[in-house]
Amino acid sequence: MDKRNFAFDRMNFILLAVSMAVVIIGFILMSGGSTDDNSFNPEIYNTMRIKVAPVVCFIGFAAMVYAIIRKPKDNSDGDNPTQNKQQA
(Lines give C-alpha, C1' and ligand atoms only; values in the text may rest on other atoms or scores of the structure.)
Protein backbone atom coordinates (compact mmCIF):
# COMPACT_ATOMS: atom_id res chain seq x y z
CA MET A 1 0.00 0.00 0.00
CA ASP A 2 1.24 3.49 -0.81
CA LYS A 3 2.36 5.59 2.16
CA ARG A 4 0.86 8.75 0.69
CA ASN A 5 -2.65 7.43 1.40
CA PHE A 6 -2.17 7.67 5.18
CA ALA A 7 -3.08 10.84 7.04
CA PHE A 8 -0.37 10.30 9.67
CA ASP A 9 3.21 9.19 9.31
CA ARG A 10 5.52 7.66 11.89
CA MET A 11 6.50 11.04 13.36
CA ASN A 12 2.85 11.96 13.97
CA PHE A 13 2.33 8.78 15.98
CA ILE A 14 5.53 9.37 17.96
CA LEU A 15 4.46 12.93 18.77
CA LEU A 16 1.02 11.70 19.83
CA ALA A 17 2.52 9.07 22.12
CA VAL A 18 4.95 11.52 23.73
CA SER A 19 2.27 14.16 24.24
CA MET A 20 -0.08 11.57 25.77
CA ALA A 21 2.69 10.58 28.17
CA VAL A 22 3.15 14.26 29.12
CA VAL A 23 -0.59 14.59 29.83
CA ILE A 24 -0.54 11.45 31.97
CA ILE A 25 2.45 12.81 33.90
CA GLY A 26 0.52 16.04 34.47
CA PHE A 27 -2.45 14.17 35.87
CA ILE A 28 -0.18 12.09 38.11
CA LEU A 29 1.35 15.32 39.43
CA MET A 30 -2.16 16.62 40.17
CA SER A 31 -3.16 13.55 42.15
CA GLY A 32 -2.16 12.99 45.72
CA GLY A 33 -3.37 13.12 49.30
CA SER A 34 -6.91 13.92 50.17
CA THR A 35 -8.74 15.59 53.02
CA ASP A 36 -10.59 13.51 55.59
CA ASP A 37 -13.84 14.55 57.19
CA ASN A 38 -12.12 15.04 60.54
CA SER A 39 -8.95 16.85 59.48
CA PHE A 40 -7.88 19.33 56.82
CA ASN A 41 -4.81 18.57 54.73
CA PRO A 42 -3.21 21.79 53.38
CA GLU A 43 -1.11 19.64 51.05
CA ILE A 44 -3.93 19.78 48.46
CA TYR A 45 -3.10 23.43 47.77
CA ASN A 46 0.64 23.11 47.14
CA THR A 47 2.25 24.74 44.11
CA MET A 48 2.85 21.52 42.21
CA ARG A 49 -0.84 20.57 42.16
CA ILE A 50 -2.24 24.04 41.55
CA LYS A 51 0.24 25.54 39.06
CA VAL A 52 2.82 23.09 37.72
CA ALA A 53 0.59 20.11 36.91
CA PRO A 54 -2.02 22.08 34.90
CA VAL A 55 0.77 23.71 32.87
CA VAL A 56 2.28 20.30 32.14
CA CYS A 57 -1.14 19.01 31.03
CA PHE A 58 -1.69 22.08 28.84
CA ILE A 59 1.69 21.58 27.15
CA GLY A 60 0.77 17.94 26.52
CA PHE A 61 -2.60 18.86 25.01
CA ALA A 62 -0.99 21.55 22.83
CA ALA A 63 1.56 19.00 21.61
CA MET A 64 -1.31 16.64 20.76
CA VAL A 65 -2.97 19.33 18.67
CA TYR A 66 0.30 19.95 16.85
CA ALA A 67 0.78 16.21 16.25
CA ILE A 68 -2.70 15.96 14.74
CA ILE A 69 -2.39 19.08 12.59
CA ARG A 70 1.16 18.32 11.40
CA LYS A 71 1.18 17.35 7.75
CA PRO A 72 3.49 14.48 6.81
CA LYS A 73 6.24 15.29 4.35
CA ASP A 74 5.42 14.08 0.87
CA ASN A 75 7.82 13.47 -2.01
CA SER A 76 6.88 15.83 -4.84
CA ASP A 77 7.89 13.46 -7.65
CA GLY A 78 6.51 10.35 -5.96
CA ASP A 79 9.78 8.41 -6.22
CA ASN A 80 12.10 7.29 -3.49
CA PRO A 81 14.83 9.95 -3.00
CA THR A 82 17.51 7.27 -2.57
CA GLN A 83 16.64 5.86 -5.97
CA ASN A 84 16.98 9.31 -7.53
CA LYS A 85 20.49 9.68 -6.07
CA GLN A 86 21.53 6.30 -7.42
CA GLN A 87 20.32 7.16 -10.93
CA ALA A 88 22.31 10.40 -11.11
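Phe61 touches Val23 and Phe27, leaving aside residues up to four places away in sequence, where contact means heavy atoms within 4.5 Å. Phe61 is found in helix H2; helices are DSSP runs of H or I with at least four residues, strands are runs of E with at least two, and both are numbered from the N terminus. With a relative accessible area of 41%, Phe61 is partly exposed; buried means under 20% relative accessible area, exposed over 50%, and partly exposed in between, with a 1.4 Å probe and protein chains only. Between Phe61 and Leu16, 45 residues apart in sequence, the C-alpha to C-alpha distance is 9.6 Å.

The structure is a predicted model, in which local features need pLDDT of at least 70 and side-chain atom pairs count only at pLDDT 80 or more, while totals for chains, interfaces and linings use all residues. Residues are numbered from 1 along each chain as its sequence is written, and side-chain values use heavy atoms, with hydrogens and water left out.

The secondary structure of the protein comprises three helices and zero strands, and the order of elements from the N terminus is α-α-α. Of the 88 residues, 14% count as buried. Among the contacts with a separation of 6 or more, 67% are accounted for by residues 24 or more positions apart. The protein exposes about 7200 Å², of which carbon and sulfur atoms supply 62%; accessible areas come from the Shrake-Rupley method with a 1.4 Å probe, and for residues only the protein chains shown count as cover.

Pro54 is partly exposed, at a relative accessible area of 33%. Apart from residues up to four places away in sequence, Pro54 touches Met30, Met48 and Arg49. The C-alpha atoms of Pro54 and Leu29 are separated by 8.8 Å, and the two residues are 25 residues apart along the chain.

Side chains of opposite charge can pair when their charged atoms come close. The count comes to one salt bridge, defined as a side-chain nitrogen of Lys or Arg within 4 Å of a carboxyl oxygen of Asp or Glu. The salt bridge is formed by Arg70 and Asp9, with the closest N and O atoms 3.0 Å apart. Arg70 lies in the loop between H2 and helix H3 (81-87) and Asp9 in the segment before helix H1 (10-30), so the pair ties together parts that are 61 residues apart in sequence. Arg70 is buried, with a relative accessible area of 18%, whereas Asp9 is partly exposed, with a relative accessible area of 25%.

Arg70 also takes part in a polar contact, its side chain lying 2.8 Å from the side chain of Asn12. A polar contact is a pair of N or O atoms within 3.5 Å; within protein, one must be able to donate a hydrogen and the other to accept it, and residues adjacent in sequence count only if both atoms are side-chain atoms. Not counting residues up to four places away in sequence, Arg70 touches Asp9, Met11, Asn12 and Leu15. Asn12 lies in helix H1 and is buried, with a relative accessible area of 0%. Beyond its neighbours within four places in sequence, Asn12 is in contact with Ala67, Arg70 and Pro72.

Met11, which Arg70 touches, lies in helix H1. Met11 is partly exposed, with a relative accessible area of 40%. Together with Ile14 and Val18, Met11 makes a nonpolar surface patch of about 250 Å². Patches are made of residues with over 30% relative accessible area and no salt bridge; like charges are joined within 9 Å and nonpolar side chains (Val, Leu, Ile, Met, Phe, Trp, Tyr) within 5 Å.

A pair of aromatic rings is described by the distance of the centres and the angle of the planes. The count comes to one aromatic pair. The rings of Phe8 and Phe13 have centres 5.6 Å apart and planes at 80 degrees, so the pair is edge-to-face. Rings of Phe, Tyr and Trp (its six-membered ring) pair if their centres lie within 6.5 Å; planes under 30 degrees apart count as stacked, over 60 as edge-to-face and the rest as tilted. Phe8 counts as partly exposed at 26% relative accessibility, whereas Phe13 is exposed, with a relative accessible area of 52%.
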